[in-house]
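The entries follow in the order in which I looked things up.

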Amino acid sequence: MSSNGLDHHWYLVSSHGSILFYIALHPGCSIREIADDLALTERTIWGLVGDLRRAGMLEVKRAGHRHHYTVNLDAEFHHPVHESVPLRVILGELVKRYAGADAERPLVGV
């Protein structure tokens with residue numbers, strides 16, 4: 001652990017945070033779309049999505065040949081400053097404003 005105690009914590013302005021924001025605002029997106037829009041490799045996205053899924057922040061369901069990603073807005077973000085704050089507080093208003101008509105449906109366990 002580093003001297004600042006922040007190892008293994010994620011920032012909102014990080015690859016993990018960017019993916020959470022992206023999926024919250026683009027439900028139904030694919031790994032390729034995320035990679036293209038965030039200028040990261042698909043392999044990197046798969047790894048980050050896996051981290052977020054294991055942390056309980058993303059749910060991944062397979063339908064046919066596609067994976068569908070949803071943000072668990074009841075999960076807490078992994079960072080000492082935000083650790084007791086659910087993603088709903090961080091992402092909820094953005095989703096309502098910018099995700100269009102789909103924003104009214106819950107993003108948990110769709």
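**Entry 1: leucine 91.** I began with leucine 91 and listed its contacts, setting aside neighbours within four places in sequence. In this predicted model, the partners of leucine 91 are Leu20, Phe21, Ala24, Val71 and Leu73.

**Entry 2: the core.** I next asked which residues touch the most other members of the largest nonpolar core. They are Ile19, Leu20, Ile23, Val71, Leu87 and Leu91, out of 24 residues in that core. I then noted which elements give two or more residues to this core: helix 1, helix 2 (31-38), helix 3, strand 2 (66-71) and helix 4. Helix 1 supplies the largest share, with 5 residues.

**Entry 3: helix 1 against helix 3.** I looked up the packing of helix 1 (residues 15-25) on helix 3 (residues 42-54) and found an angle of about 80°, with the axes 10 Å apart. Angles of 65 to 115 degrees count as roughly perpendicular, and helix 1 and helix 3 are therefore roughly perpendicular to each other. On the helix 1 side the contact is made by Ser15, His16, Ile19 and Leu20. Helix 3 contributes Ile45, Leu48, Val49, Asp51 and Leu52. By class, I recorded 6 nonpolar, 2 polar and 1 charged residue in this contact.

**Entry 4: the chain as a whole.** I counted 4 helices and 2 strands in the protein chain. Read from the N terminus, the order of elements is α-α-α-β-β-α. The chain has 110 residues, of which 34% count as buried. Among contacts with a separation of 6 or more, I noted that 49% join residues 24 or more positions apart.

**Entry 5: confidence.** How high is the average pLDDT of the protein chain? I read a value of 78, with 73% of the residues scoring at least 70. Confidence is highest in helix 3, at 95, and lowest in helix 4 (residues 87-98), at a mean of 79. I also marked residues 1-6, where the pLDDT is below 50 and the model has 5 contacts beyond near neighbours in sequence. For residues 101-110 the pLDDT stays under 50 as well, and I noted 21 contacts beyond four places in sequence for that stretch.

Note on methods
Residues are numbered from 1 along each chain as its sequence is written. This is a predicted model: local features need pLDDT of at least 70, side-chain atom pairs count only at pLDDT 80 or more; totals for chains, interfaces and linings use all residues. Side-chain values use heavy atoms; hydrogens and water are left out. Axes are lines fitted to C-alpha atoms, for helices over the stretch in contact, and angles run from 0 to 180 degrees between N-to-C directions. Angles under 35 degrees count as roughly parallel, over 145 as roughly antiparallel, 65 to 115 as roughly perpendicular and the rest as oblique. Contact means heavy atoms within 4.5 Å. Ala, Val, Leu, Ile, Met, Phe, Trp, Tyr, Cys and Pro count as nonpolar, Asp, Glu, Lys and Arg as charged, and the others, Gly among them, as polar. pLDDT is the predictor's confidence in each residue, from 0 to 100. A nonpolar core is a set of buried Ala, Val, Leu, Ile, Met, Phe, Trp, Tyr and Cys residues joined through side-chain atoms within 4.5 Å. Buried means under 20% relative accessible area, exposed over 50%, partly exposed in between (1.4 Å probe, protein chains only).
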